[in-house]
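Student: I would like to learn how to read the features of a model like this one. Can we go through them one at a time?

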Amino acid sequence: MQNLINFLIRYNTWLFFVVLEIVCLTLVFTFNPYQQSIYISSANQVSGKFYTAMSRFSGYFNLRSINEDLLEQNGMLQQKVLMLEQYIENNMKDSVNDAIFTNPQNKKYEFVPVHVISNSVTRINNYITLNKGSKDGLQPEMGVIDQNGVVGVISNVSENYSIVIPILNSKFRLSAKLKKNNYFGSLVWDGKDPLYAVLEELPRHASFAAGDTIVTSGYSDVFPDGIIIGTVDSHTKQHDDNFYAVKVLLAVDFSKLGNVLVIKDKSRLEQKALEAQTSQDK
């Protein structure tokens, strides 16, 4: 103890200087948006490389469960393909409606496969780190899904990495609806259970039951309409008796995230490019 006291007395000036530096840097990065963005970008680069190394080491232990999940999904997709082929064979006619099955059209959305290198599920505000960034065309406000459903939205990108705000984050809010009748509300996470979220502001006259599917409403340009989010588990009344709060069992198991898809809306990118060009011409 005496040695510790002597050390503090001997180097008290340097220790005080270090404390002041930490306080100053904290204030600079907290209250200055430009410095804060630089810090986030640099931190993404450093943490991204660390998470990449850790992910390569730990990824092998999850391969079995991931492969089983992929095989199950591939089986379901193959079944849908066979059903669609049978439908076309039985119902093909010379009509405009049937022609949509045979004439390829330009797809509005492009899906970029990305690997998750860091993920958390136990905090109030969880985040996910992806191993691709701006050089791969990823940008903030792009939606992220996996083979089961909605994961979250990209918030920040650096050249090689991206940060995602998932459903399991108190800041996340998404317009969602009942698939069977299109009644919609706002999906949030209450910070309690990583398996469930809450669909708030659902009108009381909406008809639903346990097991009904919850999907994206399509009211934003982040997610296409109809992407699965989860299923109805139970419900309660909100403070306003005109609305229900529905407990939703999430389709995505966030504790097993491995590979995800980032949604690139081609028309949205074209729109932003046109708006940027227009603002430069003024």
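Student: Which residue stands opposite Thr129 in E5?

Tutor: The model is a predicted one. In general, the strands of a sheet pair through backbone hydrogen bonds, in a parallel or an antiparallel way. Here the residue facing Thr129 is Ile163 of E5. The two strands involved are E2, residues 128-130, and E5, residues 162-166, and they pair in the antiparallel sense over three bridges.

Student: In what order do the six strands close into a barrel?

Tutor: The order is E1-E2-E5-E4-E3-E12, with antiparallel pairing. From one strand to the next, the twist averages 40 degrees.

Student: How many helices and strands does the chain have?

Tutor: The chain has six helices and 12 strands. Among contacts between residues at least 6 apart in sequence, 59% join residues at least 24 apart.

Student: Now the surface. Is Trp14 buried or exposed?

Tutor: The cut-off for exposed is over 50% relative accessible area. Trp14 has 60% relative accessibility, so Trp14 counts as exposed. Trp14 lies in helix H2, which covers residues 12-31.

Student: Which residues form a nonpolar patch on the surface with Trp14?

Tutor: Tyr11, Leu15, Phe17, Val18 and Ile22 form the patch with Trp14, and together the residues have about 610 Å² of accessible area.

Terms used. Residues are numbered from 1 along each chain as its sequence is written. This is a predicted model: local features need pLDDT of at least 70, side-chain atom pairs count only at pLDDT 80 or more; totals for chains, interfaces and linings use all residues. Side-chain values use heavy atoms; hydrogens and water are left out. Patches are made of residues with over 30% relative accessible area and no salt bridge: like charges are joined within 9 Å, nonpolar side chains (Val, Leu, Ile, Met, Phe, Trp, Tyr) within 5 Å. Accessible areas come from the Shrake-Rupley method with a 1.4 Å probe; for residues, only the protein chains shown count as cover. A salt bridge is a side-chain nitrogen of Lys or Arg within 4 Å of a carboxyl oxygen of Asp or Glu. Helices (H or I, at least four residues) and strands (E, at least two) are DSSP runs, numbered from the N terminus. Buried means under 20% relative accessible area, exposed over 50%, partly exposed in between (1.4 Å probe, protein chains only). Two strands pair if DSSP finds at least two bridges between them. Axes are lines fitted to C-alpha atoms, for helices over the stretch in contact, and angles run from 0 to 180 degrees between N-to-C directions. Contact means heavy atoms within 4.5 Å.
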